[in-house]
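This report looks at side chains that pair up inside a folded chain. Please view the sequence and the structure below before reading on.

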Amino acid sequence: MEQVIALLQRVCSLPPSSTDDARYVPSSLRREASHLLVAAMAAACVVFFLAAVLAAAAGGEAAIVEHTFVVSQMKLDQLCNDTLVTVVNGQLPGPTIEVTEGDSVVVHVVNKSPNGVTIHWHGVKQQLNCWADGPAMITQCAIQPNKNFTYRFNVNGQEGTLWWHAHIGCLRATVHGALIIRPRLGPSSYPFPEPDKEIPLVLGEWWDTDLLELERKIANGEMKEVPTSSTINGKLGAFNNCSGVIEDDYILNVEDGKTYLLRIVNAALHAEFYLKIAGHIFTVVAADANYVKPYTTDLIAISPGETVDVLVVADAPPGKYYMVAMTVPSQWIVEEPLLNTLVISRGIIYYNNTSKGSENTPALSPELPFDDMGNISFYFHGNLTSLLMPSVPASIDERIFIDVDQGYICKEGESPCRTAVTRMNNISFQLPTSVPLLQAHYYNNISRSISMVREFPSSPPNIVFNRGTTMKATSMRRVRYNTTLEIVFQGPPGEISYLNPMHLHGHDFFILAQGIGEYDPEKDVRKYNLVNPPVRNVALVPRFGWTAIRFVASNPGVWFLHCHLEKHVPSGMATVFVVEDGPTLDTTLPPPPTDYPTCDGQSNKVAYE
């Protein structure tokens, strides 16, 4: 019993720092929210602990959740243009998949579009199931037009908000949706006050252009394209208009006093977003389907690929309040100084009990940080700590230092080399063209079937962010089963810098620390949080800085590591970890499914993510 009580205290401890994101919350609101939150969280955490014990003892009946995704093209009329886009089941965003922890998921993908497509289940660990991970030419060939493929996977040991998206070309801009995993014992077992309603909130971008052409431009070194607008659940918002025609706002109707769990997904190709709701505060409770110690803030920073779960209480005076999603102001200016574009959308929070006489009263707008240079994002991500006090590996088997930056390659007849690419440790990643890496690995013929293979180095040849000449290669790093790796990602610390949200397939990892400037291995290791670091599947490398992560490679297969900015993927900011089989049958990758897609006769005109 003493051990149980000790574990309960460890899991449910709430340090004072959990509610002191003081810069962006009025002091009166912050003090009141702090007291209410600590009391509610203490009660909710006891429920969560008891639920976990009961679930472990009693188990539960797992279900098979089945969907059919029909991928097709349709025209959407936005901003006075009929734009041809690729969608799933005629929806933008696509269908939300809702499951319970331990369920099995079956998704039949029917490709009625004219282009190859794959689907990645972003954040699903796919233990011993790399064949279903989805990145084109990493784990599978594309599902060709008029062909089908069925993805099968389970969601054991995961709870929270994940998402799915196309993992080929720029198609994920419109082929995406939320994937929600609820606890086995239901919402009453959340480690936070049970919400009255849950709302998926998918933030995205609207591109008034051909996405295949956009990908070709990126692959050819043209990285200056920016989206026309941001979107909230597919709506552009009334900030956008064309010839006096105003675009629709996303509207969320709320009831006074109710609590809402917003499951926020950033499905954008390029934009990190700041999200604010006028007159309301957020309580952050999870990120990337991992619970965090709650804290209050009036602003959410979320980069491409990330998910964040927040509680919002409808406790403002009845009326209308704008919800605004805007790109981090420095994003385009810092990376491309000639681009001074603020991409923004808005929705409306509408109280159902608003009196009829006040329906025409203007909505209250939030104060936006237009002059921010990424500092808010840095502190937001730094405030995340794990709720469940994970066991961080104390010893490390391999340390890898990765420079993420830009360089140039020479195309035929080009002198000097001026085709821009992105790179990691001076290698710009190149996808295979005929055989997926996973297939080649499984049948032990990587060297025979894939040209330009190169071992990914544990450090760059030199640490100079000079945008110099680089090489193209299919880089990969072999890792023994159960190896503990520590990776430090270093972004350009100089005048021209940019964020890099680094996503690792098939694994979660601990984010130990982040910093501005050049990483110092002697001094910065002292900043590591080895007690309660956040557990994520996307590590945001801040502008001008670095991020350190640690994880155990315990999932055999071929796993993509790449920046989740789309312009950094086809241009080469990626590599692959090949995790070898373990010593037993239950640590060995099984053979591919019988309907595994082949590349025979396919057109690889869409090559990347």
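Trp121 is buried, with a relative accessible area of 0%; buried means under 20% relative accessible area, exposed over 50%, and partly exposed in between (1.4 Å probe, protein chains only). The model is predicted, so local features need pLDDT of at least 70 and side-chain atom pairs count only at pLDDT 80 or more, while totals for chains, interfaces and linings use all residues. Residues are numbered from 1 along each chain as its sequence is written, and side-chain values use heavy atoms, with hydrogens and water left out.

**Aromatic pairs**

The whole structure holds 17 aromatic pairs. Rings of Phe, Tyr and Trp (its six-membered ring) pair if their centres lie within 6.5 Å; planes under 30 degrees apart count as stacked, over 60 as edge-to-face and the rest as tilted. Trp121 and Phe153 make a tilted pair, with 5.0 Å between centres and 35° between planes. Trp121 is in strand β5 (residues 119-122) and Phe153 in strand β6 (residues 148-154), 32 residues apart. Strands (E, at least two residues) and helices (H or I, at least four) are DSSP runs, numbered from the N terminus. Phe153 is buried too, because its relative accessibility is 4%.

**Salt bridges**

Side chains of opposite charge can pair when their charged atoms come close. A salt bridge is a side-chain nitrogen of Lys or Arg within 4 Å of a carboxyl oxygen of Asp or Glu. By this rule there are 17 salt bridges. Three of them are listed here.

| Glu566 | Arg172 | 3.1 Å |

Which residues of the Glu306 and Arg536 pair lie in a loop, and which in a strand? Glu306 is in the loop between β18 and β19, whereas Arg536 is in strand β30 (residues 535-536), 230 residues away. Glu306 counts as buried because its relative accessibility is 1%, and Arg536 is buried at 3%.

Glu566 and Arg172 are both buried. In the other listed pair, Glu272 is buried at 0% relative accessibility and Arg543 at 7%.

**A loop residue**

Ser303 also sits in the loop between β18 (300-302) and β19 (307-313). Its relative accessible area is 0%, so Ser303 is buried. Leaving out residues up to four places away in sequence, Ser303 touches Asn266, Glu272, Pro501, Val538 and Leu540, where contact means heavy atoms within 4.5 Å.
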